[in-house]
Amino acid sequence: MHLLMILMALAIALGFRQGNLNGQPSPGLSLSNLEQRWRSQIVALVAPVLLLLTTAIAVLSMGAQGQMVWQGTGLASYVISWLFLLTALGCLLHQGLKLRRTLAQLRQHPKTEVLGYPCRILDDTALFSAQVGGWNPELTITQGLLDHLDGDRLAAVLAHEEGHRVYRDTFWFFWLGICYRLTLWLPQSDLLWQDLLLLREIRADAWAAQQIDELLLAESLLDVVRAPLRSTASFEAAFSCTAPPSRLEQRIEALLCGTHPGLRFGWQGVLQLAWVLLPLTIIPFHH
């Protein structure tokens, strides 16, 4: 019976992801559409992981022996549940250690202040800026970026990075990144992840546009992404994170049409995830 629970959870996770993708909101840039798209994409990414986790916890809580409803249980489901939980824990530890190592390397560079923003400057010719870390990230910029941008454009870039800090993007995307890695086997995981990165950047652009001119920010974005892209981890929120042409166009379009989305997940999103707790309600039926 426990093995059947696991198979059902896998089937639901697969069906939910596929169904969510089929019913995706249109890629329009209106405020309501962006809000709905943000919530929908997070639920599509997170729900399958939470469902599998609660199923594994329920199976382990009930144990490898006994009877559930009218059928007995077996060792296979117990082993599978442990394997999934250990995989999730291994992924969390790997990303946590990677973050710790990155911050340790970053903190070897002296902290200074640029245009009123505390930051660490890397001795690198690349055009790069990012918030790096968890709940309280470190603003990181390269000497190449300082040399390349004039004062106004540099202020636009730093305002964008401040938007990431305000929304705690590095912290939330650290956890979303773990969900992404645990569901790489589900359909369109990469597409879902890339869309969330795009929406994150649109939100930071919108926050910066309330402090500086939208055209100036758009010009800075076009200027910076001409340089070769640098890959980033999920705990790094970089200015040129979503620079592929199609997504860059959407960022510029969102800036120029004056859309300023706050993109909150809110209680509505939490309620949409409540059903993933259902496996835990089965525990009392185990004897």
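Which residues of E6 lie on one side and which on the other, and are they buried or exposed? I found Glu 138, Thr 140 and Thr 142 on one side and Leu 139 and Ile 141 on the other, all buried. Buried here means under 20% relative accessible area, exposed over 50%, and partly exposed in between, with a 1.4 Å probe and protein chains only.

Before going on, I noted that this is a predicted model, where local features need pLDDT of at least 70, side-chain atom pairs count only at pLDDT 80 or more, and totals for chains, interfaces and linings use all residues. Residues are numbered from 1 along each chain as its sequence is written, and side-chain values use heavy atoms, with hydrogens and water left out.

**Strand E6**

E6 covers residues 138-142, and because 5 of the 5 are buried, the strand is largely enclosed by the rest of the structure. Helices (H or I, at least four residues) and strands (E, at least two) are DSSP runs, numbered from the N terminus. Next I looked up the partners; two strands pair if DSSP finds at least two bridges between them. E4 (residues 117-122) runs parallel to E6 over 3 bridges, and Ile 121 has Ile 141 as its bridge partner. E5 (residues 129-132) pairs with E6 in the antiparallel sense over 4 bridges, with Val 132 opposite Glu 138. E5 and E6 form a hairpin with 5 residues between them, and Gly 133 in the turn has a positive phi of about 140°.

**Largest pocket**

I then turned to the largest pocket, which holds about 760 Å³ of space. A pocket is an open set of points on a 1 Å grid over the protein atoms alone, where a 1.4 Å probe fits, with protein on both sides within 12 Å along at least five of seven lines; lining residues have an atom within 4 Å of a point. The volume is the space filled by probe spheres set on the points, which are joined across faces, edges and corners. I counted 28 lining residues, with Ile 42, Val 46, Trp 172, Trp 175 and Leu 176 nearest the centre. H6 gives the most to this lining, with 8 residues.

**Helix H6**

Is H6 buried or exposed? 10 of its 14 residues are buried, so H6 is largely enclosed by the rest of the structure. Among the buried ones I listed Phe 173, Phe 174, Leu 176 and Tyr 180.
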